[in-house]
Amino acid sequence: IGKERRRQNRLKHEGRFLYNCADTGLTPAEKLACLTEELGEVAKEVLTREGHALAKDTQGSLEGLRKELTQVAAIAAAWLETLGE
């Protein structure tokens with residue numbers, strides 16, 4: 001999760017994203033939208049996994065599921081960083 005957080009920060013620094021969920025420049029609604037988008041990617045991996053495919057447009061994988069769950073966790077962690085104690 002830490003590695004993914006660093007990747008997100010690097011992508012922001014490179015200009016791929018204007019913000020990430022660790023920034024105070026995003027509203028809670030915008031942060032929720034980011035988290036929900038990634039959760040949708042988790043759903044896609046689950047719904048397209050081999051042997052369990054409920055959708056046929058792509059082929060999900062255990063590796064893909066791990067990647068997307070890690071991104072969800074990293075976004076949640078970034079958001080938590082902004083909440084303080």
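Guide: An axis here is a line fitted to C-alpha atoms, for helices over the stretch in contact, and angles run from 0 to 180 degrees between N-to-C directions. This is a predicted model: local features need pLDDT of at least 70, side-chain atom pairs count only at pLDDT 80 or more, and totals for chains, interfaces and linings use all residues. Residues are numbered from 1 along each chain as its sequence is written, and side-chain values use heavy atoms, with hydrogens and water left out.

Visitor: What makes the pattern of the protein α-α-α?

Guide: The protein has three helices and zero strands. Helices are DSSP runs of H or I with at least four residues, strands are E runs of at least two, and both are numbered from the N terminus. Read along the sequence, that gives α-α-α.

Visitor: How confident is the predictor in the protein, as pLDDT?

Guide: The average pLDDT, a per-residue confidence from 0 to 100, is 89. At least 70 is reached by 89% of the residues. Helix H2 (residues 28–47) is lowest, at a mean of 93. Helix H3 (residues 62–81) is highest, at 95.

Visitor: What makes the reach of H3 close to the expected one?

Guide: H3 has 20 residues. The expected span is 1.5 Å times one less than the number of residues. That is 28 Å for H3, and its first and last C-alpha are 28 Å apart.

Visitor: Why is H1 called roughly perpendicular to H3?

Guide: Their axes come within 9 Å and cross at roughly 75°. Under 35 degrees counts as roughly parallel, over 145 as roughly antiparallel, 65 to 115 as roughly perpendicular, and the rest as oblique. The angle therefore makes H1 roughly perpendicular to H3.

Visitor: Which residues make the contact of H1 and H3?

Guide: Contact means heavy atoms within 4.5 Å. H1 brings Glu4, Arg5, Arg7 and Gln8. H3 brings Thr70, Gln71, Ala74, Ile75, Ala77, Ala78 and Glu81.

Visitor: Which residues of H3 are buried?

Guide: Gly64, Leu65, Glu68, Gln71, Val72, Ala74, Ile75 and Ala78. The buried residues of H3 pack against helix H1 (2–13) and H2. Across the 85 residues of the protein, 27% count as buried.

How values were computed
Buried < 20%, exposed > 50% of the residue type's maximum accessible area, 1.4 Å probe, protein only.
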